[in-house]
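Hi,

Here is the model I promised to pass on. Have a look at it first, and my notes follow below.

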Amino acid sequence: MSAIRQHGPSILLREDRGGVCTLTMNRPLQMNLLTTEMIEALQKAFDSLMDDASIRVIILAAAGKGFCAGHDLKELRALTELPRIEELFDRCSAMMQTITALPQPVIARVQGAAAAAGCQLVAQCDLAVTSAAAKFTTPGVTWGFFCSTPGVAVGRNVSRKRAMEMLLTGDMVDAHQALDWGLVNRVVPAEDLVAETDRLARQLAEKPPVQLAAGKRAFYAQVDLGVAQAYELASGVIAASFAHQEGREGMDAFIEKRDPPGRSRPQR
């Protein structure tokens with residue numbers, strides 16, 4: 001029998017079954033935006049799992065058609081002052097780093113679009129299984145705020161040239177491209193996504209948990225030297241871009257569904 005617990009007003013659902021915990025971002029109508037509330041809910045959930053020996057594997061999923069559309073530009077636009085914007089990105093960067101600090105493997109289950117910080121969230125997870133309908137993009141540059149923090153995670157998954165292509169163009173990458181580039185592990189038909197992710201989770205759950213945790217910890221220790229410093233730098237850059245006039249004009253254009261100033265609107 002599964003048990004579902006909620007963090008906040010149903011914003012994040014938790015289901016534990018057979019040593020596998022599934023966390024589901026539950027704001028489908030808002031494309032599961034990484035608002036302050038969502039970031040705090042994810043942080044709280046990850047913190048609660050840090051020392052939970054009953055959980056062997058974590059699946060990060062999302063309700064609705066899209067996985068996550070990134071930060072809420074309306075919320076960012078309302079913050080107005082650089083220190084407040086920096087605080088939001090500091091919290092998000094800390095939450096992202098908690099994923100790799102967890103002893104359990106974390107699998108992103110991606111059914112649809114993952115944009116900007118949503119793409120970052122997929123890249124930050126240890127593994128990712130996606131529907132063939134999934135798409136990935138880091139489009140901030142088009143709107144006047146370079147996706148610096150998503151670049152930390154994306155740049156540690158795909159080659160430098162591919163990461164720069166995503167960051168500099170903002171182009172959409174389809175699921176099979178993402179697989180070819182190394183951003184995700186498996187691409188399956190939409191109807192098989194849940195079953196395939198569960199199969200992978202069960203496979204990992206059967207491994208010796210202490211050694212699995214030690215191996216994960218050692219892997220990131222050697223491959224991600226300097227990640228905290230990278231996030232600190234990137235958080236400062238992206239916060240400043242949202243506080244800059246170009247970024248604020250871009251947010252207005254995005255929110256109002258019009259072309260960014262002086263640029264053609266990107267194709268979706």
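Domain bounds here come from an automatic or database domain assignment. On that basis the protein chain splits into domain 1 (12–205) and domain 2 (208–256), and the C-alpha centres of domain 1 and domain 2 lie 12 Å apart. Their contact (heavy atoms within 4.5 Å) takes 36 residues from domain 1 and 30 residues from domain 2.

A word on the source: this is a predicted model, where local features need pLDDT of at least 70, side-chain atom pairs count only at pLDDT 80 or more, and totals for chains, interfaces and linings use all residues. Residues are numbered from 1 along each chain as its sequence is written, and side-chain values use heavy atoms, with hydrogens and water left out.

Next, the nonpolar cores, meaning sets of buried Ala, Val, Leu, Ile, Met, Phe, Trp, Tyr and Cys residues joined through side-chain atoms within 4.5 Å; buried is under 20% relative accessible area, with a 1.4 Å probe and protein chains only. The largest has 67 residues, and Leu34, Phe67, Met95 and Phe136 touch the most other members. Domain 1 and domain 2 each supply at least three residues to this core. A second, separate core of 11 residues includes Val57, Val129, Ala201 and Ala205.

Finally, a helix pair (helices are DSSP runs of H or I, at least four residues, numbered from the N terminus). H3 (residues 82–101) and H11 (residues 227–243) pack at about 145 degrees with axes 9 Å apart; axes are lines fitted to C-alpha atoms over the stretch in contact, and angles run from 0 to 180 degrees between N-to-C directions. Among the residues that meet are Phe89 and Met96 in H3 and Tyr231 and Ile238 in H11.

Best wishes

Note on methods
Helices (H or I, at least four residues) and strands (E, at least two) are DSSP runs, numbered from the N terminus. Buried means under 20% relative accessible area, exposed over 50%, partly exposed in between (1.4 Å probe, protein chains only).
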